[in-house]
Amino acid sequence: MLELKKNPFKPNVIENNPTAFGLRTKEIVFSITSLLNDNSIFITGSRGIGKSSLGLQLQKVMSGNETLLKRCNIKNTENDVLCIYYACAEDTTIEDLCLDILYELEQEILLLPKIKLAKIKPSLELNFGIIKAKFETEIESNRRSPSSIANRFVNGLRAIYTDALKLNVFTAINIMIDEVDQLPTSINFGHFIKIIHETLNNRGCNKLTFLFAGQLGSYTRFNKEDPSFERIVKCITLDRLSWEASNYILDYASATSTPKFEIKEDARKLILSLSSGYPYIVHLIGDSCFNEMSDDNIITKTIVLSALEVILLTDKREKFTEKLRELNDMERELIFFMASQSVNMLPAEIPYNSIYDKDNDNSDIKKQLDLLLNSLITKGYLYSINDKALYIFSEELFRIFVSYIKIELSITKTARREFSDMNTNINLLKERLEQDEKHLEMELEGEYSNSAEANYVSPEEKKQLFNEYISSRMPTKYSNAWEEDNFKK
Ligand SMILES: Nc1ncnc2c1ncn2[C@@H]1O[C@H](COP(=O)(O)OP(=O)(O)OP(=O)(O)O)[C@@H](O)[C@H]1O
Ligand SMILES: [Mg+2]
């Protein structure tokens, strides 16, 4: 009988299963110690590094699930923390945030078996309803200042906190606020949190902690908004995941999927070095490999390479093109140059010497180059190891995309013009992509007799080009160089 396949990879889902989680023991110990000692924390790091997943794992531990700490070999204390999760959006107002959090807390308590609720406080439901309704009318009837909203929010929290602890079911409350970088700056969230923290403490609610998560830079932003933020909330910056932990994600997936599958050693190394410590990429490539896998249930290097083709030619094309657009002309020029260096290792290590010609000593050029490299590091495109002797792309997939796209572009007239003219013009790149889409549409509608006349590369040609690129430019040596960068920090 045919067995339905169950893909174990989840590139778009937060990892909340403590058995599937690739361990970050150092970060877990630091975070959980802070939280269980009633300190709030802020998890920050680049996109897809695993902030939300770590946050939810910590909440699992706090609400009594022992799996993760056992896996980290840490003796567990008993925890019964009431945990709720809230994700911010661009249009979140401070009123929405407060109301939704109060509502979530209320719902969590109301989910308890009636018997537990009734034993302690028969009219609990009514009370919480009142708190929320009161808060709503108070802030609606008169637009309040942020500090006045904060005070009312604290009153609501305190009422729930007191009742929650009285129930003898919960020992503390933890509120995770994810995607805080999305909040508009007009909110002055840093200052808002400071007021909440102080008022809660003044009123004896010290067993209520916050767990924030947001992109790199948001912690700095909130510190600027209120310098006390740093004192109140401890920061955890997530490094890339180790080779071993990333490998665990693959092992776990291959052992728990239906059907189980095998990953050949060279395929595994290729996936791990391509993902260079981003759990998101392990899932992304894994997911694509699983879909490409044939009935023998073996993931080979060939399968990884065709998965890569699908990812770079379709899924990620738009995102990576946008990433190129976000750079200024000089930075883009340098990125193109660095990405096209011939390399013998994945992720590619690009020697400073290959970018700067020492023999042609020119301190002005050197200064300008160093500034550009620093800016690309700050923007998260690159990192350096060995005392800035080697540069590595933060996302190896992006490097491969850039070096491939350069070839693809260069076989068209538009692109040749673009690259012969040293001032690469962003609009040209954009125009070409728009043209590509238009031509594709026309081609699909049969408006061209042959695609060459349109100066356009068809999907089939792109595939062929990509395969040629892979067979001639893809190194077969793999490294875990990013661990050295983690270690340095
Ligand atoms: N330690 C881990 N082990 C296994 N999978 C993980 C781990 N961390 C993250 N993931 C997976 O990586 C992907 C990205 O994780 P997550 O959404 O937590 O990252 P993030 O940093 O919050 O991303 P964003 O910046 O987009 O909010 C998800 O598919 C998740 O399942
Ligand atoms: Mg997230």
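Pro347 lies in the loop between helix H16 (329–339) and strand E8 (350–351); helices (H or I, at least four residues) and strands (E, at least two) are DSSP runs, numbered from the N terminus. A cis peptide bond joins Leu346 to Pro347, with omega about -10°. The model is predicted: local features need pLDDT of at least 70, side-chain atom pairs count only at pLDDT 80 or more, and totals for chains, interfaces and linings use all residues. Residues are numbered from 1 along each chain as its sequence is written, chains are lettered from A and ligands numbered from 1 in the order in which they are written, and side-chain values use heavy atoms, with hydrogens and water left out.

A cis peptide bond also joins Thr258 and Pro259, where omega is about -10°. Pro259 sits in the loop between helix H11 (243–256) and strand E6 (262–263). Glu179 is not a glycine, yet its phi is positive, about 55°. This residue is in the loop between strand E3 (172–178) and helix H8 (189–202). Glu179 is partly exposed, with a relative accessible area of 26%; buried means under 20% relative accessible area, exposed over 50%, and partly exposed in between (1.4 Å probe, protein chains only). Asn386, again not a glycine, has a positive phi of about 50°. Asn386 falls in the loop between strand E9 (382–385) and strand E10 (390–393). Its relative accessibility is 40%, so Asn386 counts as partly exposed. Most residues other than glycine have a negative phi, and most peptide bonds are trans.

Ligand 1 has 21 residues around it; Lys10, Val13, Gly22, Lys51 and Ser53 come nearest. A residue is near a molecule or strand if one of its heavy atoms lies within 4 Å of it. An oxygen atom of ligand 1 is 2.6 Å from an N or O atom in the side chain of Ser53. Another pair places a backbone N or O atom of Ile49 3.3 Å from an oxygen atom of ligand 1. For Tyr280, a polar backbone atom is 3.4 Å from an oxygen atom of the ligand. A polar contact is a pair of N or O atoms within 3.5 Å; within protein, one must be able to donate a hydrogen and the other to accept it, and residues adjacent in sequence count only if both atoms are side-chain atoms.

Lys51 belongs to helix H2 (residues 51–62). Lys51 is buried but has no salt bridge, defined as a side-chain nitrogen of Lys or Arg within 4 Å of a carboxyl oxygen of Asp or Glu. The nearest side chain of opposite charge, Asp181, is 6.6 Å away; Lys and Arg count as positive and Asp and Glu as negative, while His and the chain ends are not counted. The Lys51 side chain reaches the backbone oxygen of Ser46 at 2.9 Å. Leaving aside residues up to four places away in sequence, Lys51 touches residues including Thr44, Ala213, Gln215 and Leu238, contact meaning heavy atoms within 4.5 Å.

The largest nonpolar core holds 88 residues, of which Leu274, Ile335 and Leu397 touch the most other members. A second, separate core of 44 residues includes Leu167, Val180, Phe189 and Tyr219. A nonpolar core is a set of buried Ala, Val, Leu, Ile, Met, Phe, Trp, Tyr and Cys residues joined through side-chain atoms within 4.5 Å.
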